[in-house]
Amino acid sequence: MANMLDVSGLEGGYGPTQVLFGLDFTVRQGGITTILGANGAGKTTTLRAVCGMIKVSGKITFDGARIDGKAIEEIVRLGIAHVPDGRGTFTSLTVEDNLVLGAYTRRDSDGVAADMERVFGYFPVLRERRRQQAGTLSGGEQQMLALARAVMLKPRLMLLDEPSFGLAPLLVKELFAIMRRINEEESVSMLVVEQDATMALELADHAYLLETGRVVVSGTAEEIKADDAVRRAYLGY
Amino acid sequence: MANRPETVVVFGLTPDAWKRAMVSTVLVVAVLLPFLVSDFRTFQFTLVMIWAIAVLGLNIVTGFSGQFSLGHGAFFAVGAYTAAIMMDHWEVPYYLCVPVAGLVALTAGFAFGFAAGRLAGHYLALATFALAVAVPQILKYDPLEEWTGGVQGIPLLKPDAPFGLPLNPDEWLYYFVLFITVVLFVCAGNLLRGRTGRAMMAIRDQPIAAKTMGVNVSLYKALTFGVSAMYTGIGGALYAIVIQFVSPDSFFLFVSIFIFVGMVVGGMASIYGAIYGGLFILFVPNIAEEITKAAPGAIFGVIMIAFAYLVPFGVAGFARIAGARIVRKWGVAPNGRASLGAESKQTLGGE
Amino acid sequence: MDLFIQQVVGGLATGGIYASLALALVMIHRATELINFAQGEMAMFSTYIAWTMINAGMPYWFAFFLTVAISFVGGVVLERVVIRPVEHRPILTIIIVFIGLLLIFNAVAGWIWTYTLKSFESPFPDRPLEIFPGTTVRMHDVGAIGVTLVLLLLLYLFFRFTPLGLAMRAAALNPGSARLVGIRVGSMLALGWGLAAAIGAVAGMMVAPIVFLDPSMMFGILLYGFASALLGGINSPVGAVIGGFMVGVMENMAGTYVPFIGNELKLTLALFVIIVVVIFRPAGLFGKTVVSRV
């Protein structure tokens, strides 16, 4: 089975500060890959690199086509949805407007309407609040909205930056369960960056550990969960 | 390890010595000028200096202190009208009018700078733009007509050279203005190179940090505005004296814009830039009018935009960079070895 | 009482023009955080284009809509060619570019059409209109109010109910997130400029019959536009509109009823409004105070 995303030799950073020193990783079609590591390891930077927000060198291949060097808007239109850290919701627009915007690039209005229904199915609370201003939602609800908006794009790959950030553990469990559902029911491959290693390893099937811009450990989630040494050294438990 | 420019020698002199030599040459030429050229040219160069003073004023507040002003024409007008009213109504001799006009402009500038202290960026530009548009209206205002001369303005007399010196009025005024120009420029240089100047630049670049370091930001901002208005106001007073006439139409919005253009083209945050600016304001419209009637506005506009894209530091900055290149290329260390990449720091600061 | 109503209607008419101009300013400010100092000159230039067409015999409303279309295209082109390259430069550079544009438009207009005043016809008949028994107002004033309201209604519908309008709002609110849903933010910006130019053209054509056409016609009006936008809240379209009508009526009221202002210090009033708003309530009546993090 081909890879959804193939990254090799990724190097880059912010201006004169280099953050990534040659990353290689893949996301299998239909799979969920997680990137773990401490603060400052370069996890967010990696996601930004994939969706074109920063200039990098190296090869990024999405479903067989090279996307490194393309503009964000074009990469998005190819089918990659990015849920950034900070969620990136349009806080002064309504929940419904946010969802509609998620589907901005799509031409199939029937499909969009159907997807909107399905999205409300995943996140019933959004249906309740659909006419509310997005900024008035709680942190957890905004995270759901960000996720829902990404689903509305009908992406083939979703990039998620610390979806558990600032959320209570119970909420995180619920969110991750919905993410698994989305992965299976909408056939969306996922690349999830997380600080919360436990939950991430439950969700993902493959994992990479980043330390100061380099991959130090990689393998299936099972392997990493089972490896005591790795857990203690890199994941702190 | 890079050679410091002071230890590098270009064609026999250090860069500093070259600078001193060039400035001295210009001063000598300036002093001899009225005897070398016609009266009309002398008159033109007098105006060049006046515009240079006005541009220097704007430079102090925008270039060095980072507060945008599109309304310095208002202070120019304040200076001009103060001088005109004093000469016309109270027959105060012109040389006394100049410092008084400066003080009036200083007060006006300080008041404005204080009131507008919280503004920054284009909000400040907006407020000053409003000043520039509204001032001509105030000058035309009927109830004030007996002072301002209303729409017709105030005609003035050209002063004669004092002490029976063998100079005609144009030549005398030239020297009068030259003297004031030199004094003002030297004062500005000292001001900007010293502690005040550094404080101003700190406010420009990092206002919040400056505040935490104990710089009283609002006071400095208001003072800077005041001093800058004073300079431009003195320019205005001299303008009134030299042109022998003030009227509201002379101070239309475009005066503010021309001073602004002069600053941009001459070079911001540069004292020498004010001189290039003065030259630009006076001569370019003349040349432009011969090319096309759409000048000077369009030419000014195009040149300004071109400078914004290509030569952001203005002519003065260009001169500085060119100078640095020359030093790098032909500079030789005092012991005879060619200097390798003599580093010249390009600080945006007084030179 | 007659005078009062006449002045109010007159104030609303000019207020509508200020509101339109303020709206154009707000649109550009929302999208770019920039104040378009050249907005007035652009509107003036558009009005001259309309004048040329009408003088050549074209029927008024045909020329009107053609001018609006040309202005729209002009605005888009201006954004792409002149503004885009300096988008990320320091504020001063951008202000320089705007002032440069102001000068160029002004000078070119003077060159092409000379500086003599021209009269610009109003599409509305010159008869007075009796709105109450015994009270008449100028048809043009009423017509101008009407045109302004139609314009505002169309804009409202566009931004509220069309996908493109929503996308433009999103691009202005949060360009980063807008990119992440595939919105081409650069194009939205160009569209915004096009719309602003078109709105300016309408404002210019409505005001020209009142003040006579000449290259510096819009300076004072631009100032009122600024005052209105600031009063309403520089990021609030609703505020811009309300601000515009308020400033228009205030201007007329002050000019008529406050003796020392008269006709002559009206611009000073605008200056005064600007300074007061900017010092005491920079967010305007309807704007939100922006907190910038250190």
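Analyst: Chain A and chain B do not touch. Their nearest C-alpha atoms are 20 Å apart. Here, two residues are in contact if their C-beta atoms, placed from the backbone, lie within 7 Å. This is a predicted model, in which local features need pLDDT of at least 70, side-chain atom pairs count only at pLDDT 80 or more, and totals for chains, interfaces and linings use all residues. Residues are numbered from 1 along each chain as its sequence is written, while chains are lettered from A and ligands numbered from 1 in the order in which they are written.

Two pairs of chains touch, and chains B and C make the most contacts. On that interface, 37 residues of chain B meet 35 residues of chain C. Three helices of chain B each give two or more residues to this side: H5 (121-140), H11 (253-266) and H13 (297-310). Helices (H or I, at least four residues) and strands (E, at least two) are DSSP runs, numbered from the N terminus. H5(B) gives the most, with 14 residues. By class, the chain B side holds 28 nonpolar, five polar and four charged residues. Ala, Val, Leu, Ile, Met, Phe, Trp, Tyr, Cys and Pro count as nonpolar; Asp, Glu, Lys and Arg count as charged; the others, Gly among them, count as polar.

Chain A also meets chain C. That contact takes 18 residues from chain A and 14 from chain C. On the chain A side, helix H2 (72-78) and helix H3 (95-102) each give two or more residues. This side has nine nonpolar, five polar and four charged residues.

Now the inside of chain B. The chain has 14 helices and four strands. Of its 351 residues, 52% are buried. Buried means that 20 or more other C-beta atoms lie within 10 Å of the residue's own; exposed means 12 or fewer, partly exposed lies in between, and the C-beta atoms are placed from the backbone. Among contacts in chain B with a separation of 6 or more, 77% join residues 24 or more positions apart.

One residue of H5(B) deserves a look. B:Thr128 sits in this helix. It counts as buried because it has 27 C-beta neighbours inside 10 Å. B:Leu70 is 58 residues away from B:Thr128 in sequence, but their C-alpha atoms are 5.2 Å apart in space. Beyond its neighbours within four places in sequence, B:Thr128 contacts B:Phe68, B:Ser69, B:Leu70 and B:Gly71.

Next comes a helix pair in chain B. Two packed helices are described by the angle between their axes and the distance between the axes. Helix H3 (residues 72-89) and helix H10 (residues 217-243) of chain B pack at about 50 degrees, with axes 6 Å apart. H3(B) is therefore oblique to H10(B). Axes are lines fitted to C-alpha atoms, for helices over the stretch in contact, and angles run from 0 to 180 degrees between N-to-C directions. Under 35 degrees counts as roughly parallel, over 145 as roughly antiparallel, 65 to 115 as roughly perpendicular, and the rest as oblique. The crossing of H3(B) and H10(B) is right-handed. A crossing is right-handed if the near helix is turned clockwise from the far one by less than a right angle, and left-handed if anticlockwise. The residues of H3(B) in this contact include B:His72, B:Phe75 and B:Phe76. Among those of H10(B) are B:Gly233, B:Gly235 and B:Gly236. The contact of H3(B) with H10(B) has 13 nonpolar, seven polar and no charged residues.

Chain B also splits into domains, with bounds from an automatic or database domain assignment. Domain 1 covers 1-35 + 313-343, and domain 2 covers 37-292. Eight residues of domain 1 contact 15 residues of domain 2 in chain B. On the domain 1 side, helix H1 (15-36) and helix H14 (314-330) of chain B each supply at least two residues. H14(B) gives the most, with four. This side divides into six nonpolar, two polar and no charged residues.

C:Glu33 has a positive phi of about 65 degrees although it is not a glycine. C:Glu33 lies in the loop between helix H1 (2-32) and helix H2 (39-55) of chain C. With 15 other C-beta atoms within 10 Å, C:Glu33 is partly exposed.
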